[in-house]
Amino acid sequence: MELSREQIERYSRHLILPEIAVEGQKRLLSSRVLLIGTGGLGSPLALYLGAAGVGKLGLVDFDVVDRSNLQRQVIHGLSWLGKPKVESAKARIADLNPDVQVEVHREAITSKNALEILREYDVVIDGTDNFPTRYLTNDACALLKKPNIYGSIFRFDGQATVFDTARGGPCYRCLYPEPPPPGMVPSCAEGGVLGILPGIIGLIQATECIKILLGIGSSLVGRLIQYDSLAMKFRELKLRRDPNCPLCGDNPTIHELIDYEQFCGIPKPDEKKEEQQTMIPQITAPELKAKLDAKEDFLLLDVREQHEYDIARIPGATLLPLSVIQQRVGELEDHKGREIVIHCKMGGRSMQACQFLQSQGFSKVVNVAGGITAWSDQVDPSVAKY
Amino acid sequence: MTRNVRVQYFGILREQRGCGEESRETGAASPLDLYRELAGEHGFSLDPENLRVAVNDEFRDWDSILAEGDKVVFIPPVAGG
Ligand SMILES: [Zn+2]
């Protein structure tokens, strides 16, 4: 394959770099890269890898574009609200560079389909937003001996490295052998994220991807970059393969994909329902509205943080953030015999608060499923969603 | 015997501590002792087995020995993307 006249123009700034040149550009054009997630990290990755002329880009994402994505997911635009992220990204890349063939996988990646999807690609980039998918991507890449370019973000901090067990490097399990207990590490939706941050971390991943495809430079294998945007500091930590790692260690015990939801302690949907029914009663947002309208006697407790309360609140709620509930539980002493209905943003933190208060002898705690987000959706759209 | 160390917090620990970095005089002999001391003061929600500790830019075992002037970084997992 020879570069066309148009391609020579398009890639001229690459072609005059001796480290890339015509051979390197041809190599990029025949490379296949899979992006897990087309969100914060996936957006800059897809844009820059597409512009660089990576011949085939696979996009895995089951989600649709939401207005709250646009603060950081720069590949998507207003005209794509409510439509699949992978289709939005595909359209943008088609406009940017017709040399790139985009393969969309509009589904969640699971233990059932992961090996089949990953097999078709040279490099996998992990830009997902949850622990089960991170362990799944890690294990699948190690089993298929493919490099896994890892990046993750939270609030003002980011991490990036390359896991490449085929070249003797460590894997994600060498870094974090066990996932944190469910709910202990908030997601970006719960904890927030600086919109620019995924741009920085995503483009570190993109840089590593191009270097691996071209075989130039020294890769991040064995080095974890820990980025602090507030201090504007990059810290580099040496990461070693753990000889006891169950996946890439000397005596591995993992030879196939497992159930990652279970591994991360996330109950299956039906179990979850049962557990919540027996443990903590739940009500919907409209049911809460009905209780308020009927002037029933109960305490409505909001366990979000003060700055979230300042954005939006349910009228009549008392604020006591989950982060201080252990220290300030005494303030609820007068309500011990009363029904306490608890809400947060989406229902996760309030469930933790319910469990804590129950353990402290508050017997009539009730969780509001879906939190204030469900309230905005189903009861009062004038309460802002954030 | 006490020693002065520089402690840095990432992710959820930064929020729970209320700052990203601090100097501290401590009697803790190991990163594990130091983490327990800090967790007791600030109510950290994560157990040591859920995070990693680095000393002077190298990952360390929790029971390694702390020295005067060490830079200790606690790194919890983050999953956001
Ligand atoms: Zn490993």
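Colleague: What percentage of the residues in chain B is buried?
Modeller: In this predicted model, buried residues make up 38% of the 81 residues in chain B.

Colleague: And what is its radius of gyration, against what a compact globule would have?
Modeller: Chain B has a radius of gyration of 12 Å, which agrees with the value near 12 Å that a compact globule with 81 residues would have. The C-alpha trace of chain B spans about 40 × 25 × 20 Å along its principal axes.

Colleague: Which pattern does chain B follow along the sequence?
Modeller: The pattern is β-α-β-α-β-β-β, with 2 helices and 5 strands in chain B. Of the contacts in chain B with a separation of 6 or more, 57% are between residues 24 or more positions apart.

Colleague: How many residues of chain A are in contact with chain B?
Modeller: 35 residues of chain A are in contact with 22 residues of chain B. Helix 7, strand 5, strand 6, strand 7 and strand 8 of chain A each supply at least two residues of the side that touches chain B.

Colleague: Which of them gives the largest share?
Modeller: Strand 8 of chain A does, with 4 residues. By class, the side of chain A that touches chain B has 16 nonpolar, 11 polar and 8 charged residues.

Colleague: Turning to the domains of chain A, where do their bounds fall?
Modeller: The domain assignment gives domain 1 as 31–263 and domain 2 as 270–378. The centres of domain 1 and domain 2 of chain A, taken over C-alpha atoms, are separated by 35 Å.

Colleague: What about strand 4 of chain A: which residues are buried on its faces?
Modeller: Val123(A) and Ile125(A) are buried on one side, and Val124(A) and Asp126(A) are buried on the other, so that both faces of strand 4, residues 123–126, are covered.

Colleague: How many bridges join strand 4 to strand 1 and to strand 5?
Modeller: Strand 1 of chain A, residues 32–36, runs parallel to strand 4 and is joined to it by 4 bridges; Leu35(A) stands opposite Ile125(A). Strand 5 of chain A also runs parallel to strand 4, with 3 bridges, and Tyr150(A) in strand 5 is the bridge partner of Asp126(A).

Colleague: Finally, which residues of helix 17 of chain A are buried?
Modeller: Gly371(A), Ile372(A) and Trp375(A) are the buried residues of helix 17, residues 371–378. They cover an arc of only 125° around the axis, which puts them on the same side of helix 17 of chain A.

Colleague: What covers them?
Modeller: The cover includes helix 13, strand 12, helix 16 and strand 13 of chain A.

Terms used: Residues are numbered from 1 along each chain as its sequence is written. Chains are lettered from A and ligands numbered from 1 in the order in which they are written. This is a predicted model: local features need pLDDT of at least 70, side-chain atom pairs count only at pLDDT 80 or more; totals for chains, interfaces and linings use all residues. A residue is buried if 20 or more other C-beta atoms lie within 10 Å of its own, exposed if 12 or fewer, and partly exposed in between; C-beta atoms are placed from the backbone. The arc is that of the directions from the helix axis to the C-beta atoms. Two residues are in contact if their C-beta atoms, placed from the backbone, lie within 7 Å. Domain bounds come from an automatic or database domain assignment. The radius of gyration is taken over C-alpha atoms; the globule rule is 2.2 Å times the number of residues to the power 0.38. Ala, Val, Leu, Ile, Met, Phe, Trp, Tyr, Cys and Pro count as nonpolar, Asp, Glu, Lys and Arg as charged, and the others, Gly among them, as polar. Two strands pair if DSSP finds at least two bridges between them.
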